[in-house]
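Please read the following note beside the sequence and the model.

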Amino acid sequence: MAENEDVPPVHDNPAESRYEVRHGDDLAFLEYSRQPYGTTIVHTEVPKSLEGHGYAAKLVKFALDEARLKGEKVVLICPFARAWVQRHPAYADLIQSTQSPQSPQ
């Protein structure tokens, strides 16, 4: 699905280690873990009421754009995020295959 410009903005909630998008009472989020090398994208969750509207894609893109701005590498545990990066190869340079900072990049 194409990314939807009508999706509300993404906000960082560092206390919960996640990026969030709220729509009314519904919450879509991407859980992350900060590591010495950068960020691990752990899990993306979108409530059924928001599925198919680009929320997960916007969350993943936001997380990767943030990593790029910070000069960080990213490990993808989340299957949705892995699939998204495969469809958007411009982000492939950010991806680190393991969680070890000594791993080849």
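1. Arginine 34 is partly exposed, with a relative accessible area of 36%, where buried means under 20%, exposed over 50% and partly exposed in between, using a 1.4 Å probe and protein chains only. Please keep in mind that this is a predicted model, in which local features need pLDDT of at least 70 and side-chain atom pairs count only at pLDDT 80 or more, while totals for chains, interfaces and linings use all residues. Residues are numbered from 1 along each chain as its sequence is written, and side-chain values use heavy atoms, with hydrogens and water left out.

2. The side chain of arginine 34 meets that of aspartate 12 in a salt bridge, at 4.0 Å from N to O; the term stands for a side-chain nitrogen of Lys or Arg within 4 Å of a carboxyl oxygen of Asp or Glu. This pair links distant parts of the chain, since aspartate 12 lies in strand E1 (residues 11-13) and arginine 34 in strand E3 (residues 26-35), 22 residues apart. Helices (H or I, at least four residues) and strands (E, at least two) are DSSP runs numbered from the N terminus. Aspartate 12 likewise counts as partly exposed, at 36% relative accessibility.

3. A search of the whole structure finds four salt bridges, and one of them joins aspartate 65 to lysine 61, with the closest N and O atoms 2.7 Å apart. Because these two residues are four apart in helix H1 (residues 55-70), about one helical turn separates aspartate 65 from lysine 61.

4. Aspartate 93 forms a salt bridge with arginine 68, the closest N and O atoms being 2.9 Å apart. Here too distant parts of the chain are linked, for aspartate 93 is in the segment after helix H2 (79-87) and arginine 68 is in helix H1, 25 residues away. Aspartate 93 is partly exposed at 41% relative accessible area, and arginine 68 is partly exposed at 36%.

5. In soluble globular proteins, nonpolar side chains tend to be buried together.

6. Which residues does leucine 30 contact, leaving aside its neighbours within four places in sequence? Among them are Tyr19, Ile41, Leu59 and Ala63, where contact means heavy atoms within 4.5 Å.
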